[in-house]
Amino acid sequence: MTTWMLLDYGEVISMPQPSDATASMAELLGQDQAAFRDRYWRHRDAYDLGQASHLYWGAVLGRSLADDDPLVAKLDAADVESWFHLNPETLRGIEDLAGRHRLALLSNAPEPLAAAIDDAPWSAAFAHRFYSCRMGLSKPDPAIFEEVLRHLDAAPGDVTFLDDRAVNVRAAAALGINALLYPEWPAVPHAG
């Protein structure tokens, strides 16, 4: 029986980043959009694991930035905004699931995005919110799922995990978690 529903954030609760959002970040850095997107993702893992914003954006830019550089704050705000286009279908699903299960969130996210999610009113539906930047672990590392299970005090079979990336779903399933590739809402089991 599923006791916990564990949901990913990016491209499950949120929509994919709009191209105009990445274009505006690229413009802030004086890069063309294709080069920006390549550098944005190439350096993202360290940022999601807790790297300071100025170090991440400096890597994307290709030069050092001070932690108090105003450009860092602008890029953080633009990045958070780019991930804050919420999926109305998922939000409706969360409302439905909250009536039947305990909810937790697991996201590979940097601190500025994690803080924004924590401040969002809809996040109150989640009893626990787990972020890679605060755990020093990221999906698909099995250790992050083991840590989440420990914090939830749950057996793998008590958790259903929903993520948009097959590699994350496979990693969770290998531990015995009921893992579903988004958007498989109809396959989410009801509490018995």
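The model is predicted. The protein contains 10 helices and 5 strands. Its radius of gyration is 17 Å, which agrees with the value near 16 Å that a compact globule of 192 residues would have.

**Overall shape and surface**

- Along the principal axes, the C-alpha atoms of the protein occupy a box of roughly 55 × 30 × 25 Å.
- Of the 192 residues, 46% count as buried.
- Among contacts in the protein with a separation of 6 or more, 60% involve residues 24 or more positions apart.

**Charges and salt bridges**

- Side chains of opposite charge can pair when their charged atoms come close.
- The count of salt bridges in the model comes to 10.
- One of these salt bridges joins Asp-96 and Arg-100, with an N to O distance of 2.6 Å. Asp-96 counts as partly exposed at 44% relative accessibility, and Arg-100 also counts as partly exposed, at 25%.

- Arg-134 and Glu-111 form a salt bridge through their side chains, at 2.9 Å from N to O. Arg-134 belongs to helix 8 (residues 132-135) and Glu-111 to helix 7 (residues 111-119), so this pair ties together parts that are 23 residues apart in sequence.
- Both partners are partly exposed: Arg-134 has a relative accessibility of 43%, and Glu-111 has a relative accessible area of 36%.
- A network of salt bridges links Glu-111 and Arg-134 with Asp-118 and Arg-129.

**The buried pair Lys-139 and Asp-163**

- Lys-139 and Asp-163 form a salt bridge in which the closest N and O atoms are 2.8 Å apart. The pair links distant parts of the chain, 24 residues apart: Lys-139 is in the loop between helix 8 and helix 9 (142-152), whereas Asp-163 is in strand 4 (residues 159-163).
- Lys-139 counts as buried because its relative accessibility is 4%, under the 20% limit. Asp-163 is likewise buried, with a relative accessible area of 0%.

- Arg-44 is located in helix 3 (residues 44-48) and counts as buried at 4% relative accessibility.
- Leaving aside residues up to four places away in sequence, Arg-44 touches Tyr-56, Asp-79, Trp-83 and Pro-110.

**Backbone features**

- Most residues other than glycine have a negative phi, and most peptide bonds are trans.
- The peptide bond from Lys-139 to Pro-140 is cis, with omega near 10°. Pro-140 lies in the loop between helix 8 and helix 9.
- A cis peptide bond is also found from Tyr-182 to Pro-183, with omega near 15°. Pro-183 is in the segment after strand 5 (178-181).
- Glu-11, a residue other than glycine, has a positive phi near 65°. Glu-11 sits in the loop between strand 1 (4-7) and helix 1 (19-29) and is partly exposed, with a relative accessible area of 34%.
- Asp-153 is not a glycine, yet its phi is positive at about 55°. Asp-153 is placed in the loop between helix 9 and strand 4 and is exposed, with a relative accessible area of 72%.

Technical notes
Residues are numbered from 1 along each chain as its sequence is written. This is a predicted model: local features need pLDDT of at least 70, side-chain atom pairs count only at pLDDT 80 or more; totals for chains, interfaces and linings use all residues. Side-chain values use heavy atoms; hydrogens and water are left out. Helices (H or I, at least four residues) and strands (E, at least two) are DSSP runs, numbered from the N terminus. The radius of gyration is taken over C-alpha atoms; the globule rule is 2.2 Å times the number of residues to the power 0.38. Buried means under 20% relative accessible area, exposed over 50%, partly exposed in between (1.4 Å probe, protein chains only). Contact means heavy atoms within 4.5 Å. A salt bridge is a side-chain nitrogen of Lys or Arg within 4 Å of a carboxyl oxygen of Asp or Glu.
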